[in-house]
Amino acid sequence: MLVGKRMTRNPKTVSPDDPLSFAAGILREHRFHHLPVVEGGRLVGILSDADLRNASYVAMPAEGEGGAAGDRPVREAMRTEVWSVTPDDSVEDALLILTREKFGALPVLSGDRLVGIITRADLLNAFVDLLDVNEVCFCVDVTFPRNMARFEELIDTFAGMGVEVRSVLIAPQGEVGALNAHLRVATIDGPAVRRALREKGFVISEQVSRL
């Protein structure tokens, strides 16, 4: 999956000279948590609801002298060191950046032009769609050698049962040379699935679930 397929296009933006109260109104009205800050068509920063709260706290002791935090310009609260991705980057890369850097969103740039924003919620929705978790399925984990020998036979086993495989997620098992295939199959008859796989000699986990 590519960022360009999952991002929010043409996001709302503010300029560095807009008052914080204006930015707060946009965040509140649209239930956003982040706003890209654009000047002269170029991304110069990003403003989050957390940045707004911090600006309010800082302004409180001197409010009588300097005015309310909402009257201050966005440039005084925005973050200028901004990570970004492109529409052609993978959602996995975006997820890795958000997780490692503890960001809530990433601006999406095409060259110097802001074309979108991708958030943690966008990425969660992407993986909900990828794993097809909206449908009631039975989940089972099958362990394979790293060369995935017999994987085609596994799929044929489900086909022979008349059971549709809705999604497969393959990841390292932990031990060297092993992979785990997490399958969601369109049935609620878990015992029949486990029995058929064991009869074929597949190694399955005892921890199964119905979601």
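Buried here means under 20% relative accessible area, exposed means over 50%, and partly exposed lies in between, with a 1.4 Å probe and protein chains only. By that definition Arg-72 is buried, with a relative accessible area of 18%. This is a predicted model, in which local features need pLDDT of at least 70 and side-chain atom pairs count only at pLDDT 80 or more, while totals for chains, interfaces and linings use all residues. Residues are numbered from 1 along each chain as its sequence is written, and side-chain values use heavy atoms, with hydrogens and water left out.

**Nonpolar cores**

- A nonpolar core is a set of buried Ala, Val, Leu, Ile, Met, Phe, Trp, Tyr and Cys residues joined through side-chain atoms within 4.5 Å, and the largest one has 16 residues, with Val-140, Val-142, Leu-154, Phe-158, Leu-183 and Leu-197 making the most contacts inside it.
- Two or more residues of this core come from each of strand 6 (138-145), helix 7 (151-161), strand 8 (178-185) and helix 8 (190-199), where helices (H or I, at least four residues) and strands (E, at least two) are DSSP runs numbered from the N terminus.
- Leu-183 touches, among others, Phe-138, Val-140, Val-142, Leu-154, Ile-155, Phe-158 and Val-165, leaving aside residues up to four places away in sequence; contact means heavy atoms within 4.5 Å.
- Another core, of 14 residues, lies apart from the largest one and includes Val-44, Leu-52, Val-74 and Ala-77.

**Salt bridges**

- The structure holds eight salt bridges, each being a side-chain nitrogen of Lys or Arg within 4 Å of a carboxyl oxygen of Asp or Glu.
- Arg-72 and Glu-76 meet through their side chains in one of these, at 2.9 Å from N to O; Arg-72 is buried, whereas Glu-76 is partly exposed at a relative accessible area of 47%.
- Arg-166 forms a salt bridge with Asp-132, with 2.8 Å between the closest N and O atoms, and because Arg-166 lies in strand 7 (residues 165-172) and Asp-132 in the loop between helix 6 (120-131) and strand 6, the pair ties together parts that are 34 residues apart in sequence.
- Arg-166 counts as partly exposed at 31% relative accessibility, while Asp-132 is buried, with a relative accessible area of 17%.
- The side chain of Arg-166 also meets that of Glu-164 in a salt bridge (3.8 Å, N to O), and Glu-164 is partly exposed at 47% relative accessibility.
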